[in-house]
Amino acid sequence: MTRFAACAAVIVAAGIGGLLFQPVFTLPALLIPVLAACVAVVAADLAAIRAPAVLRPPLALLFGLLALIATVLRPTLNGVLPTSATVHALGDGLLHGWLRTLESTWPARPEPELLLFVPVLVLLTGVLGVECLRRDRSPLVALVPSLALVGLSQAFSVADGGDALLFGGGYTVAAVVVLAAAKSAENRIGAPAGHRRAARLRGSVTGYALPAVATVAAIAAGCLAFTAWTPLSRPAYSLPAHHQPPAVTSVLANPLDEIGSRLATPAAEVFHARVSAPVDRWTVSVLNRFDGVNWTSSARFRPLGSTLPGLAGVPAGGPTAEAAVTLASAPGAWLPTVTRTDHVEGASPLVDPATGTLLSTQAADGLAYRLFWRPPSVDAPKLASSDVDGAADGLEPVGQLPKEIAPLLREATGGSGPSLRTAFVLEQWFRKNYKVASGEDIPTGHGYAQLSFFLASSKRGTSEQFATAYAVLARAAGLPVRVAVGFRQPAAAPGGSVVVHNSDVLAWPEVAVRGVGWVPLDPSGAATADAGRPESSVAQATDDARKNLPPQPDNRPQPTTNPPPQPAAAGTPWWVWIALAPLALLLLVALTPVAVKTVRRHRRRRGAPAEAVVGAWLDARDRLRDRGVTVVPGMTARELAALVGPDYPEAVSQGLRQLSQCLDLALWSGWTASPEVARRAWAASDAVRAASRGSLRQRIASLFAVRSLVPVRA
C-alpha cells in the first residue's frame, strides 16, 4: 500500500505540473484532460500489477491515449470509433500544438490541436515517474519528470500570487507523500542490521535536522544568488517573449493608400453592423512608422485566442458590448474592429496585441462575425488633467522636416512643449487653416512631397493628408502620435443597424495619454460631421476637453537657479537585512561541519609518516561513523572490518584490512614508517570512502553529519 501511495503521489505531482498551464488555457479547459491522463496512468498501474514489468509503460500509454481521445477529441469520433480526423488531430496536436500555442494570444482557444500537448506531457510524466518507483529507483529520481514539467509550464507563463501558493503547496504535499511512502517501504523490506541502524539514525532529530537545515540554507542561498544575478525588476523568462510569430507572408495593401480610390466611388457598401453601444470609428489598421515616403505598421500578428488581454496603457472597460458585422466588400484582409477588443466569434482572425487590429485568415467577402469589446469610461476632467505618454511603444522620430514644413511647426503649436493642450491646439490650427477636399479632384499621397504641397500651397486635402500631416508635425513637437485608418460611424437606420460606405473612409491621428490610452483626434472635422450621432465616453470627454482648453503656459525664459539637491539613492532597506540574517545564520550552521571536516582531513594527511598512517585510519573510521556505524573506544581496523562486512561492499572491508597492515608496520613492527606506507594507508582510506558513498541522500546526510566531530564514547 505504501508503494501504491508513492505512485499515486507521483501521478498527482505530474497532474499539478499540467494544471500550471492554466494561464495559457484556463483551468476549466485543462481540468478534464489532465484528470483523464492521471486516471489512465493509475488504472494501467493497477491493471498491470501481476503483468510483466515490460508491459506497464505501453499499457499506460494506451489507456492514456484512449482517455484523451474520449475527452479531448470526442468531436472527431464516429460514435465510439476513431476516424482519420482523430488520427490527424492527434498527430497535429502532438507535433505542432505547443508551437501554435506560443504564437497565439492567451488564454488560447481550447481547441484539441492546441490543448492536446499538455495532457500528453502529463501522461508521459506520470508513466516515467511510476516506472522509476516500480523499478526501485530513488523517490527523488521519480519526481524529476514532474519537476521538468513544472519548469516547462513556468517557461510558458510564470505562476504568481494565489496560484503559485496553491499549486506550490500541492506539489510539496505530493513530494512529501512520495518520500515518506518510499521511506516506509524501505524500512519494511527486511534490510540488514547495519541499514536498520542507519535508518534509525536518519530518523533521529540529528539525522533529519541537519539535512533539513542544509536544504533550506542551500535554497535560500540559491534564491539570493539568482536575485543578485537577475534582479527582480527584470521580467521573468518567458518562451513567448523569445519566440516571435512568423511575419504575415501575404502582401497587404496599405489602407491609407486606398482612401482616394474609395472616395472616388462613395456609394459602394463596405459592411453592415448592428451595435449595442456607441461606436465613433471602425479601425482597420494602425500605422506608426514614417520614412518620409510611406506610413507603415510595426504590428506583429498572432492567432487570436479566446480573449485578448488588456492593451498596454488602456484601462479596463465596463460591461462588454457587442456588434454583429457582415462584410460586403472587405477592405483587403483587414477586418473592421473597435478599440479595446475583447474577443471575436464567427471568425478566427490574426490580431496585433499592441493595437487590437485584426486580419482575416479566410475569404473576407461576405464574412459575418460578432465583435465584443469593453467600452471605457473616461470623464472630461480626468482627460483634461492627464498628460501625454512619452513612453508609448513603436514611435520613432520623423527626422529633419523639409524646409517648406519646418517654419509651420512653431506657428501651429505656438512654441509649446509636448502636452495634451498642444495636441488640441495643433488640431484647432488644422481646422482653421485647411479645408477638406471634395468633388472629382481628390488629392492622394502622404509623403513629404505631397504634405509640403498640402501644408504650404493647396491647403486642401482628404483625411489622408490631414492625419499624416498632423502626425508629422506632432512628432516633430515631441507628441506621441500615430495614424489610424478605418471608417467613421454613420447615423443608424431606424432598425438600429448601420451601413458603412466608401464615403465614410477616414484616417485620423491618435495621441497617447497617460492613464487613458490612445485618444483619437479629428483635425479635419470629418469624424463628427453628423449632428445628433451618439458618441462614446472617450469622444464626449475629448469634445469637452477640446472646448475647455487650459490657458497657454508662460513660455518666457525663467531665471536660472541652482537646482534643488537630489536625494541620495536609497540603499537596501533595513528590514531586508533583518530578513536575510536568519538565512545567513542557517547557511553558516549548515556549512560549518563541512568546513571543519575538510580542514581536519587536510591536516591528517600532512603529518609525519606514522602520524599520516594514523590519520588515514581515523579518517576512514570517521567516514563510517557519519554513515551510522557505531564505533567504541579501542576498536581496531580489523574489528571494524568484521563489523561492517555484512552490510557494506567488500571493498570497504578490504580497505580496512589494508589499513590494519599499515598500522602494524607503522606502530608495532619496530621499523620507522616510510612515506610509502603513509601513501598506501591513505589509498586504502580513499578506497573506503569511495566504496561507502551510498545513495545521493546518504551522501548528503553524511556530508553534513556532526557525529564524527564528537569523540568516541563507550
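How many bridges join strand S6 to strand S11? Six bridges link S6 (residues 321–327) with S11 (residues 368–373), and the two strands run antiparallel. Strands here are DSSP runs of E with at least two residues, helices are runs of H or I with at least four, and both are numbered from the N terminus; two strands pair if DSSP finds at least two bridges between them.

The model is predicted: local features need pLDDT of at least 70, side-chain atom pairs count only at pLDDT 80 or more, and totals for chains, interfaces and linings use all residues. Residues are numbered from 1 along each chain as its sequence is written, and side-chain values use heavy atoms, without hydrogens and water.

Turning to the helices, H16 (residues 420–433) packs against H19 (residues 537–547) at an angle of about 85°, and their axes lie 10 Å apart. The two helices are therefore roughly perpendicular, a label for angles of 65 to 115 degrees. Phe424, Glu427, Gln428 and Arg431 of H16 meet Thr542, Ala545 and Arg546 of H19, where contact means heavy atoms within 4.5 Å.

Finally, the whole structure holds zero disulfides, a disulfide being a pair of cysteine sulfur atoms within 2.5 Å. Cys7 counts as buried because its relative accessibility is 1%, and Cys132 is likewise buried at 18%; buried means under 20% relative accessible area (1.4 Å probe, protein chains only).

Methods:
Axes are lines fitted to C-alpha atoms, for helices over the stretch in contact, and angles run from 0 to 180 degrees between N-to-C directions. Angles under 35 degrees count as roughly parallel, over 145 as roughly antiparallel, 65 to 115 as roughly perpendicular and the rest as oblique. Buried means under 20% relative accessible area, exposed over 50%, partly exposed in between (1.4 Å probe, protein chains only).
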